[in-house]
Amino acid sequence: MNPPSRAAVPLLALSLSAVSCGLEEPASWDVDVAVSELPPGPLAPRQDHSLVWSGEELLVWGGHGTTQHDSFAGGAAYSPDTGSWRRLPEVDLESRTRHNAVMVKDRMLVWGGFTPTHSGGPEAHLAGDGALYDIEAGSWEPIAPAPEARSLARAVTVGEHVVFGGGHREQGGRGFLVCSLVEDTWDTVALDGVDDDFALYDMQVLGDEVVAVGGGVQGMSVATFGVDDADASVRRLTGLEEAKERTGLHAGLAASPVGETFLAVRVGENARLYEVDGRGQADLVDETRYTGFRLPFSLTTRGLDAGEMDYVDGLGLLATGLGEFSMWDPGAGTTYRLQTEGLSDYCGPFVPAADGVLLGWGGLCETSGVRADVTA
């Protein structure tokens, strides 16, 4: 997620005295949401595409139709200010789906994904190439190919570097890929000291470090590293041993502007929010019914329907998913969740724009795009 701004709102000033340990329904949160449909765009219906907020426009690229082999190589941009769409220029990339797209200052990087053409080599249908879209110049520039290909990866931006972790890969290690856009080079960060079945759940950036959380049958671990490090520092998370039960596990990671890392985990009927420190200690902050807050990562589906979670100015802890979004104010013990039926049957992904605005486009559903104006 690339939120327009994040601020230290009062709900970040949490203490363990705010913990709620029951299964009671969360208190009602007085939230006003106005939903409107976006005007028709110039793109065919699709799913597993990328959706990025540039600061002024909603950028859509790639994705696939009814099957992942029926993918697209084009995109479009929507301006909320003018209410109009424009096509993005063509790029010399094979059509793909389940790729990554992130903003790096005023450029969008598209990388990886699943392509319809088999490479004939060990990477099969996975892509390790990418390109940068310069919004002001209206042009694309290819980047050097990565040392390995992935789809459904997680990605974060650290200055002029983009870090990719997790996802599906045909070969290679389970560590992290670091792309330097200034030097057009790639490096790797090893991930050792984790279980053989380790799966990455989510990543966030704190200052100039990446914080990643994942787990295996032995429990959950947190990894931290800088873009110039050769190895990630891995610590077993303590304080949430119940997360060893991975059936139905959902998780999400959020970083506050004041240097806090929050991990949300659903196990059974509950969603629990922990503050995680650099020693791997997880302290329970709040607890609510999972029906009131949907966490973005599901271990069952991996990245197929993964959303994003972050602290967003004015909205608190915000999680987006396919055809829904939810919010959580742990300080007040309140949650809010809006699903497809309240969104004119929209079933695609969301990204936060500015001033409490969420924009969504895509999904093979009746409504192709929506705008949600949220006042919390």
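Me: Which residues are linked in a network of salt bridges here?
Reply: Four residues make up that network: Arg294, Asp305, Glu324 and Arg337. Before going on, please note that this is a predicted model, in which local features need pLDDT of at least 70, side-chain atom pairs count only at pLDDT 80 or more, and totals for chains, interfaces and linings use all residues. Residues are numbered from 1 along each chain as its sequence is written, and side-chain values use heavy atoms, with hydrogens and water left out.

Me: What makes Arg294 and Asp305 a salt bridge?
Reply: The term asks for a side-chain nitrogen of Lys or Arg within 4 Å of a carboxyl oxygen of Asp or Glu. Arg294 and Asp305 come to 3.5 Å, N to O, so the pair falls inside that limit. As background, side chains of opposite charge can pair when their charged atoms come close. A search of the whole structure turns up 14 salt bridges.

Me: Why is Arg294 counted as buried?
Reply: Buried means under 20% relative accessible area, exposed means over 50%, and partly exposed is in between (1.4 Å probe, protein chains only). Arg294 has 18% relative accessibility, so the word is buried.

Me: How do you know that Asp202 and Arg154 form a salt bridge, and which parts of the chain do they link?
Reply: Asp202 belongs to strand S14 and Arg154 to strand S10, 48 residues apart. Strands are DSSP runs of E with at least two residues, helices are runs of H or I with at least four, and both are numbered from the N terminus. Asp202 is buried with a relative accessible area of 3%, and Arg154 is buried too, at 11%.

Me: What makes S14 largely enclosed by the rest of the structure?
Reply: Seven of the eight residues of S14 (residues 199–206) are buried, and that is why the strand is described this way.

Me: Why do S10 and S13 stand at the edges of their sheet?
Reply: The sheet is open, with four strands in the order S10-S11-S12-S13 and antiparallel pairing. S10 (154–158) and S13 (185–189) each have a single partner strand, so one side of each has no neighbour in the sheet.

Me: Why is the link between Cys347 and Cys365 called a disulfide?
Reply: A disulfide is a pair of cysteine sulfur atoms within 2.5 Å. The sulfur atoms of Cys347 and Cys365 are 2.4 Å apart, so they qualify. The torsion about the S-S bond is about -105°, so this disulfide is left-handed. One disulfide is found in the whole structure. Cys347 is partly exposed at 26%, and so is Cys365 at 24%.

Me: What makes the pair of Trp85 and Trp361 edge-to-face?
Reply: Rings of Phe, Tyr and Trp (its six-membered ring) pair if their centres lie within 6.5 Å; planes under 30 degrees apart count as stacked, over 60 as edge-to-face and the rest as tilted. Trp85 and Trp361 have ring centres 6.0 Å apart and planes at 65°, so the pair is edge-to-face. Both Trp85 and Trp361 are buried.

Me: Why is the pair of Trp61 and Trp140 called tilted?
Reply: The structure holds 13 aromatic pairs. Trp61 and Trp140 are 6.2 Å apart, centre to centre, with 55° between the planes; that angle falls between the two cut-offs, so the pair is tilted. Ring pairs also link Trp61, Tyr133 and Trp140 into a cluster.

Me: How do you know that Arg46 sits over the ring of Phe72?
Reply: A charge sits over a ring if NZ of Lys or CZ of Arg is within 6 Å of the ring centre and within 35 degrees of the ring normal. The charged end of Arg46 is 3.9 Å from the centre of the Phe72 ring. Arg266 lies over the face of Tyr290, at 3.6 Å from the ring centre.

Terms used
Pairing = 2+ DSSP bridges.
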